[in-house]
Amino acid sequence: MELELPLLYYAPCVLALVLSSVYLLGLFADRCRNLPPGPLPFPVIGNLLSVSALPHRSLARLAKRHGPVMALRLGSVTTVVASSAAAARDVLQRHDAALSGRSIPDGAHVFAHYTHSMGWLPTSNPRWRALRKVCSAELFAPHRLGTNQSLRQDKVRRLVSHVEQLAHGGMPIIVGRLTFSTALNLLSSTIFSEDVADLDSGGDDLVGSFKGILTELNATVGIPNVSDFFPEIARLDPQGLRGRIEGLFERMHTMIDDRIERRLRERAAAGEPPNKNFLDMLLDYRGTEDGRGFDRQTLLSLISAAPRGREKRAGHV
């Protein structure tokens, strides 16, 4: 007992000494890495307290003090921020190949999404080059946009007619919902040749619907995730965000997978489809190097990313 009592007094001192040593070693390592200047990080949390709920204003304020290129320690993750036009030009144009890698958020690890999505794959990856080639040649190509002009005009006419009908009936017009539904139907018609949203819906059917999943998914992904700042504890999923994202992606992938299977059955029954949509282009793709097409997970990741981008843009209307 006499030996245990002094240990209780010395334990906090030893712990403080260890933490201080780790902190000082981290600062010394940052200096050895030749990082740009930046605010002095606090132990453990780094510079998280220097970034407010309006990060663009916080970064602008810090840039006035530390320069257009500065280093921040966000938790245990070191981040270099380029704030001026000249610094951004260096990053995005002159040194784009060296700096094109992105930090992968914890949510992108669900279903190994970061290994299949064009948004997270490095530009040197063969799959990224194949996906980019298909998207630029088929989805965003001028001839494809011209072919889908009548489809876009039809969706706009239906939107105008629906708004006119609501106005005559004295009903409220929820601009954001109607705009997103129209954009989603345009995208789904291009990919699947069918509409997935109903303009006549009052919004009560969002639970379990395609739009409801997208809305909840974007809201969940937008929540700051502790695992992104402290990758060491990402496996624990302390906020449960990865589990929520996995459940939402599973529901979305089930809906997309059903449409892929339906299209495969239609192709098998009718042979060559008379009107090819974007899904047909993906199913017909064969790589020039190995002659192989895209696997199912790559199709799911690529297609599920497209409506999420639409939802983000339409949500600001």
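D284 is partly exposed in this predicted model, with a relative accessible area of 30%. Its side chain and that of R267 meet in a salt bridge, with N and O 2.5 Å apart. R267 lies in helix α10 and D284 in helix α11 (residues 278-284), so the pair ties together parts that are 17 residues apart in sequence. Salt bridges that share partners join R263, E266, R267, D280 and D284 into one network.

**Salt bridges**

- A search of the whole structure finds 13 salt bridges; the pair R267 and D284 is one of them.
- R267 counts as buried, because its relative accessibility is 18% and the cut-off for buried is under 20%.
- K155 and D195 form a salt bridge through their side chains, at 2.6 Å from N to O. K155 belongs to helix α6 (residues 149-168) and D195 to the loop between α7 (175-192) and α8 (210-221), so this pair ties together parts that are 40 residues apart in sequence.
- K155 is buried, at 7% relative accessible area, whereas D195 is partly exposed, at 28%.
- D90 and R94 form a salt bridge whose closest N and O atoms are 3.0 Å apart. Both residues lie in helix α3 (residues 85-94), four residues apart, which is about one turn of the helix.
- In this pair, D90 counts as partly exposed at 26% relative accessibility, and R94 is exposed at 61%.

**A buried aspartate without a salt bridge**

- D237 is found in the loop between α9 and α10.
- D237 is buried yet has no salt bridge.
- Why does D237 have no salt bridge with R242? The side chain of R242 is the nearest one of opposite charge, but it is 5.7 Å away, and a salt bridge needs a side-chain nitrogen of Lys or Arg within 4 Å of a carboxyl oxygen of Asp or Glu.
- The backbone of R242 does approach D237: its nitrogen lies 3.2 Å from a polar atom of the D237 side chain.
- Not counting residues up to four places away in sequence, D237 touches S227, R242 and G243.

**Nonpolar surface patch**

- V226, I233 and L236 make a nonpolar surface patch of about 250 Å².
- I233 lies in the loop between α9 (226-229) and α10 (241-270). This is the loop in which D237 is found.

**Overall fold and surface**

- The protein has twelve helices and two strands.
- From the N terminus on, the order of elements is α-α-β-β-α-α-α-α-α-α-α-α-α-α.
- The protein has 317 residues, of which 34% count as buried.
- The accessible surface comes to about 19,500 Å², and 60% of it belongs to carbon and sulfur atoms.
- Of the contacts between residues at least 6 apart in sequence, 59% join residues at least 24 apart.

Key:
Residues numbered from 1 in each chain as written. Predicted model: local features only at pLDDT ≥ 70, side-chain atom pairs only at ≥ 80, totals over all residues. Heavy atoms only, no water. Patch = residues over 30% accessible without salt bridge, like charges linked within 9 Å, V, L, I, M, F, W, Y side chains within 5 Å. Areas by Shrake-Rupley, 256 points an atom, 1.4 Å probe, with all protein chains shown as cover. Buried < 20%, exposed > 50% of the residue type's maximum accessible area, 1.4 Å probe, protein only. Contact = heavy atoms within 4.5 Å. Lys, Arg positive; Asp, Glu negative; His and termini not counted. Polar contact = N/O pair within 3.5 Å; in protein donor to acceptor, adjacent residues only side chain to side chain.
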